[in-house]
Amino acid sequence: MKFILAPDSFKGTMTAATVAATMSAGVRDVFPDAECIEVPMADGGEGTTRSLVDALGGEIRTAEVSDALGRPRTAHFGWIAAKKLAVVEIAEAAGIEHLAVEELDPHQATTVGVGQLLKHILDLSPTQVIIGLGGSATNDGGWGMAYELGAIVKNGSGNPIESRALALADAASLDVSNISKRWQEIEVTLACDVDNPLTGERGATAIFGPQKGVQPEEISIFDAALAQWGNLLDETCGRTISKNPGAGAAGGLGAALMALLGAKPQPGIDVVISAVSLKEQLVGA
């Protein structure tokens with residue numbers, strides 16, 4: 001008799017792998033000869049890296065990056081060498097969980113650390129990268145990430161702008177020629193469970209900005225800055241990425257990843273189901 005044990009984690013108590021092992025032990029108490037296949041699961045949010053590493057026989061690695069306010073921190077990501085697959089949660093670098101409530105500052109918060117983490121991963125020469133979007137403290141549209149990867153944005157006078165959210169209001173041109181061409185050969189998948197566009201009444205700022213410190217009277221200001229950024233991203237990739245579902249995820253980071261790295265968004269649970277080959281595992285269970 002074949003059993004598939006595919007639980008999510010019990011948050012704060014057990015990892016998905018521990019839950020699956022415990023379930024297997026329970027099954028074998030009743031059916032000693034049972035074939036138990038343990039497939040740790042996640043929904044694309046917190047715990048996705050750990051679950052995929054456990055399910056696919058990978059390892060957790062670390063990289064030194066900056067948090068959303070530029071302070072050094074050690075970020076964790078998953079590496080499954082057999083598949084040349086890297087798994088990263090952007091909250092490891094730009095996560096709101098690393099900031100105290102009084103530290104929330106959308107004017108200064110940046111995704112530079114996400115760019116640092118992606119550069120570290122690129123050195124491993126992956127063929128696939130899964131990026132979990134969620135839990136960010138940023139509202140910079142992924143500009144900090146793009147800056148770290150080599151993008152240059154200039155204002156109308158031809159001067160480079162700073163890598164902070166509201167500087168995008170003066171953005172007039174975007175040069176991506178310094179971003180590594182190796183990204184074009186990598187399949188980048190976004191585990192994304194929101195369908196918000198970059199801007200507008202359902203955009204990154206209006207819906208998620210307040211929880212990151214954007215004040216009510218500032219929403220239109222940040223939204224206008226992201227709209228300018230979105231126009232440049234659309235022009236650069238030749239598509240209206242800024243209006244795509246998921247473009248507003250993680251403070252607009254979704255839009256930058258789609259436009260600059262060719263990332264494809266998918267519901268988080270679907271990403272995990274595909275990565276661990278759950279449907280194939282179910283045959284005969």
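## Helix α4 and the model

In helix α4 (residues 112-122), 8 of the 11 residues are buried, so the helix is largely enclosed by the rest of the structure. Buried means under 20% relative accessible area, exposed means over 50%, and partly exposed lies in between (1.4 Å probe, protein chains only). The buried residues of α4 are Val 112, Gly 113, Val 114, Gly 115, Leu 117, Leu 118, Ile 121 and Leu 122. Helices (H or I, at least four residues) and strands (E, at least two) are DSSP runs, numbered from the N terminus.

This is a predicted model: local features need pLDDT of at least 70, side-chain atom pairs count only at pLDDT 80 or more, and totals for chains, interfaces and linings use all residues. Residues are numbered from 1 along each chain as its sequence is written, and side-chain values use heavy atoms, with hydrogens and water left out.

## Overall build

The protein has 10 helices and 10 strands. Its radius of gyration is 20 Å, close to the 19 Å that the globule rule gives for 285 residues, so the protein is as compact as a globular protein of that length. The radius is taken over C-alpha atoms, and the rule is 2.2 Å times the number of residues to the power 0.38. Along its principal axes, the C-alpha trace spans about 75 × 40 × 35 Å.

Of the 285 residues, 49% count as buried. Contact means heavy atoms within 4.5 Å. Among contacts with a separation of 6 or more, 71% come from residues 24 or more positions apart.

## The sheet

An open sheet of 6 strands runs in the order β3-β4-β5-β6-β9-β10, with mixed pairing. Its edge strands are β3 (59-66) and β10 (264-266), each pairing on one side only. The twist averages 25° from one strand to the next. Two strands pair if DSSP finds at least two bridges between them. Strands of a sheet pair through backbone hydrogen bonds, either parallel or antiparallel.

Strands β4 (residues 72-80) and β5 (residues 85-89) run antiparallel, joined by 3 bridges. Here Trp 79 has Ala 86 of β5 as its bridge partner. By contrast, β6 and β9 run parallel, with 5 bridges. Gly 132 stands opposite Ala 191 in β9. Strands β9 and β10 also pair in the parallel sense, over 3 bridges, and Leu 190 faces Pro 265 in β10. Of the 5 residues of β9, 4 are buried, so this strand is largely enclosed by the rest of the structure.

## Helices across the sheet

Helix α8 (residues 249-261) lies across β6 (128-132), β9 (187-191) and β10. It runs at about 165° to β9. Helix α9 (residues 268-275) lies across β6, β9 and β10 too, at about 130° to β9. Axes are lines fitted to C-alpha atoms, for helices over the stretch in contact, and angles run from 0 to 180 degrees between N-to-C directions.

## Nonpolar cores

A nonpolar core is a set of buried Ala, Val, Leu, Ile, Met, Phe, Trp, Tyr and Cys residues joined through side-chain atoms within 4.5 Å. The largest one has 59 residues. Those with the most contacts inside it are Leu 118, Ile 131, Leu 133, Trp 183, Trp 229 and Leu 257. Helix α8 supplies the largest share of this core, 10 residues. Apart from this core lies another, of 18 residues, among them Ala 42, Val 53, Leu 85 and Val 271.

Leu 257 touches Leu 118, Ile 131, Leu 133, Met 145, Leu 190, Gly 262 and Ala 263, not counting residues up to four places away in sequence.

Thr 49 is found in helix α2 (residues 48-56). It is buried, with a relative accessible area of 6%. Leaving out residues up to four places away in sequence, Thr 49 touches Ile 60, Phe 77, Gly 78, Val 87, Val 88 and Glu 89.

Thr 22 lies in helix α1 (residues 16-30). It is partly exposed, with a relative accessible area of 46%. The C-alpha atoms of Thr 22 and Tyr 147 are separated by 45 Å. Along the chain these two residues are 125 residues apart.

## Cysteines

A search of the whole structure finds 0 disulfides, a disulfide being a pair of cysteine sulfur atoms within 2.5 Å. Cys 237 is in no disulfide; the nearest cysteine sulfur, that of Cys 192, is 16 Å away. Cys 237 is partly exposed, at 22% relative accessible area. Cys 36 counts as buried, at 12% relative accessibility.
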